[in-house]
Amino acid sequence: MTRMRRAIARRLTESKQSTPHFYLRADARVDALLGLRQRINAGQGVKVSINDLLVKAIASTHGIVPAMNVQWNDTSIRQFSSVDIAVAVATDGGLVTPVVRDVDSLSMSGVATATKDLIARAKERRLRQEELEGGTITITNLGMYGTDEFAAIINPPQAAILAAGAVRQAAVVEEGAVTVASVLRLTLAVDHRSVDGATAAEWMKAFVDVLEHPLRILL
């Protein structure tokens, strides 16, 4: 067993034992989001992934519901004005979560560039310790493996972790008629010490709305 695996095991066990998790699940129609990504990537420059769009959408939603942009400490709940988001990266040695800083002030291409750099250096084990610290929420995405839905464990002292599954074609009802849409299933795990259920539900509703009206991500 490697030192990294021991550290991961210790932190996740501590989180599950000491952090009171609760979970919210939602489906988002992402046809417009996929269309936006296609238009962005049709131009020159850095290619944007779905995960990059989700990272930027999280930052937008934290602006709408700032009570989610918090960390739990034993003596206080710390709220942040800027948005730092951790991105789960699978490496040969185990899972690491480097943090993209000031996502709220970055352009879409800036988010994509920063994320690609962190992922590349994570796989090469070249991340600095400070790049693994901070943030108020992590995004973890298993959609590329075909996973429809899953729940993840919060990375303390962060307030939440968002798990994204695969985009699937599904039948949805719109104005009384059945139609086919691209649907993304999301599971949000939240630390109940720092965030109440109503606040998390407000955040999830706003997040789905941002995904379904994705031009807001670019504002």
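## Basis

Residues are numbered from 1 along each chain as its sequence is written, and side-chain values use heavy atoms, with hydrogens and water left out. In this predicted model, local features need pLDDT of at least 70 and side-chain atom pairs count only at pLDDT 80 or more, while totals for chains, interfaces and linings use all residues.

## Sheet

Helices (H or I, at least four residues) and strands (E, at least two) are DSSP runs, numbered from the N terminus. Two strands pair if DSSP finds at least two bridges between them. An open sheet with mixed pairing contains 6 strands in the order E1-E10-E9-E8-E4-E7. Its edge strands, E1 (21-29) and E7 (99-100), each pair on one side only.

Strands E8 (residues 137-141) and E9 (residues 160-174) run parallel and are joined by 5 bridges. Asn141 has Ala164 in E9 as its bridge partner.

## Nonpolar cores

A nonpolar core is a set of buried Ala, Val, Leu, Ile, Met, Phe, Trp, Tyr and Cys residues joined through side-chain atoms within 4.5 Å. Buried means under 20% relative accessible area, exposed over 50%, and partly exposed in between (1.4 Å probe, protein chains only). The largest core has 50 residues, and those with the most contacts inside it are Ile85, Leu186, Leu188, Trp203, Phe207 and Leu211. Helix H5 (residues 197-212) supplies the largest share of this core, 8 residues. A second, separate core of 6 residues includes Ala152, Ile154, Ala163 and Ala189.

## Asp52

Asp52 is found in helix H3 (residues 50-64) and counts as buried at 2% relative accessibility. Leaving aside neighbours within four places in sequence, Asp52 is in contact (heavy atoms within 4.5 Å) with Lys47, Met108, Val111, Ala112, Thr115 and Lys116.

## Salt bridges

The whole structure has 14 salt bridges, each a side-chain nitrogen of Lys or Arg within 4 Å of a carboxyl oxygen of Asp or Glu. Glu149 and Arg25 meet at 2.7 Å, N to O. This pair links the loop between E8 and E9, which holds Glu149, to Arg25 in strand E1, 124 residues apart. Glu174 and Arg29 form another salt bridge, at 3.2 Å, N to O. Glu174 in strand E9 and Arg29 in strand E1 are 145 residues apart.

Arg121 forms a salt bridge with Asp117, with the closest N and O atoms 3.0 Å apart. Because they are 4 residues apart in helix H4 (residues 108-123), about one helical turn separates Arg121 and Asp117. Arg121 is buried at 9% relative accessibility, whereas Asp117 is partly exposed at 36%. Salt bridges that share partners join Asp117, Arg121, Arg128, Glu130 and Glu131 into one network.
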